[in-house]
Amino acid sequence: MASRMVVTVSSNKGGCGKTTTAVHLAAGLANAGHQVLLADLDKQGHCATFLGRDPAPRLYDLLVKERPLAELIVEARPRLHLLAGNSESLVAQDFARLRNAQADLLERAIVEKAIGYDYVVFDTPPQGLLQECAIYSADVLITPAPVDYPGMDGAAQFVLLAQRIQERERLPAPRLFVLPMFVDRRTSEARYNLEALQERFGEWVLEAVPVRTRMREAIAEGETIFDYAPGDDIADIYTGLCRTIAALRTDAAHSDAAQSDAAQSDAACTEGKG
Ligand SMILES: Nc1ncnc2c1ncn2[C@@H]1O[C@H](COP(=O)(O)OP(=O)(O)OP(=O)(O)O)[C@@H](O)[C@H]1O
Ligand SMILES: [Mg+2]
């Protein structure tokens, strides 16, 4: 299997479903048997509250106090490990900026240290250094987009930001997905906007997440939809999203194995010739 995959859930838009998606992606992958580290980069600390935990200055402890990552993580659900944040995360970001932190800040502080994890999932704020660093580290980017004009504009702006970082840092392009959010298919406006999103972003568009009161209720209770209403259609849609991401990791593993086989056979040919 490929080494750990980094999935960054991000947008320049507030309130578009970043934390809901990051938490459900992390929880769904953990339910499927994977070891997952969910890192909250936002000052609101909502990854913790959405999982029924208290926000805590763990990102601050990591970046400012330089405490070891393993000491700062709690297992919020079986196999789902949380690096929590709170308002101090903003101080940590200012501190990093003053120290001239580069785009690889989170790569070095979290990704490289996340030994034994299959996935690292970043939930980001809608702007700033920590968001840019999480984009830099991503193998996969997911941008949640409410299906209205500001939501679609937000997705377009996020794609430009990701491309700018990729070009500036000379990175290979990460896989990018747009996740339509809060869709009410009973309205013609939602159906029309969903089509417009599909026309604009094509195969990058994932299965739409419907608007559901149950999701708000689950979040208010500090539960995931998998715990609160496992039979709900929204639970199935997030499970499908997890399968899509897990399949990418499996594909990456196969292509790594094929490359390594090719390299070994090249080496054997060279030895044979010598
Ligand atoms: N499928 C859904 N149906 C209805 N409400 C939802 C759904 N998913 C999430 N919500 C609600 O939408 C709101 C915004 O979600 P969320 O906090 O995930 O967005 P965010 O992008 O992380 O926001 P912020 O920019 O403040 O970090 C929350 O109140 C959440 O309960
Ligand atoms: Mg959030």
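Arg-170 lies in the loop between helix α8 and strand β7 (175–181); helices (H or I, at least four residues) and strands (E, at least two) are DSSP runs numbered from the N terminus. The model is predicted: local features need pLDDT of at least 70, side-chain atom pairs count only at pLDDT 80 or more, and totals for chains, interfaces and linings use all residues. Residues are numbered from 1 along each chain as its sequence is written, while chains are lettered from A and ligands numbered from 1 in the order in which they are written.

Although Arg-170 is not a glycine, its phi is positive, about 50°. Arg-170 counts as exposed because it has 6 C-beta neighbours inside 10 Å. Asn-100 is exposed, as 6 other C-beta atoms lie within 10 Å.

## Overall form

The protein chain contains 12 helices and seven strands. Its C-alpha trace spans about 70 × 45 × 35 Å along the principal axes. The radius of gyration of the protein chain is 19 Å, in agreement with the value near 19 Å for a compact globule of 274 residues; this radius is taken over C-alpha atoms, and the globule rule is 2.2 Å times the number of residues to the power 0.38.

Of the 274 residues, 45% count as buried. Among contacts between residues at least 6 apart in sequence, 77% join residues at least 24 apart; a contact requires C-beta atoms, placed from the backbone, within 7 Å.

The largest nonpolar core has 79 residues, of which Val-7, Leu-25, Ala-26, Val-36, Leu-38, Val-120 and Val-121 touch the most other members. Helix α1 (residues 18–31) contributes the most to this core, with seven residues. Such a core is a set of buried Ala, Val, Leu, Ile, Met, Phe, Trp, Tyr and Cys residues joined through C-beta atoms within 7 Å. Beyond its neighbours within four places in sequence, Val-7 contacts Leu-25, Tyr-119, Val-121, Ala-138, Val-140, Ile-142 and Ile-245.

Helix α1 is largely enclosed by the rest of the structure, because 14 of its 14 residues are buried. From first C-alpha to last, α1 reaches 20 Å, close to the 20 Å expected at 1.5 Å a residue; the expected span is 1.5 Å times one less than the number of residues. After α1 comes Gly-33, with a positive phi near 100°.

The shell around ligand 1 holds 19 residues, with Gly-14, Lys-18, Thr-19, Thr-20 and Met-215 coming nearest; a residue is near a molecule if its C-beta atom, placed from the backbone, lies within 6 Å of it. Helices α1 and α10 (213–220) each supply at least two residues of this shell.

By type, the shell comprises eight nonpolar, seven polar and four charged residues. Here Ala, Val, Leu, Ile, Met, Phe, Trp, Tyr, Cys and Pro count as nonpolar, Asp, Glu, Lys and Arg as charged, and the others, Gly among them, as polar.

## Phe-158 in helix α8

Phe-158 is placed in helix α8 (residues 149–168). Phe-158 counts as buried because it has 24 C-beta neighbours inside 10 Å. Not counting residues up to four places away in sequence, Phe-158 touches Ser-10, Ser-11, Asn-12 and Thr-143. Phe-158 and Gln-93 are 65 residues apart in sequence and 20 Å apart in space, C-alpha to C-alpha.

Key. A residue is buried if 20 or more other C-beta atoms lie within 10 Å of its own, exposed if 12 or fewer, and partly exposed in between; C-beta atoms are placed from the backbone. Two residues are in contact if their C-beta atoms, placed from the backbone, lie within 7 Å.
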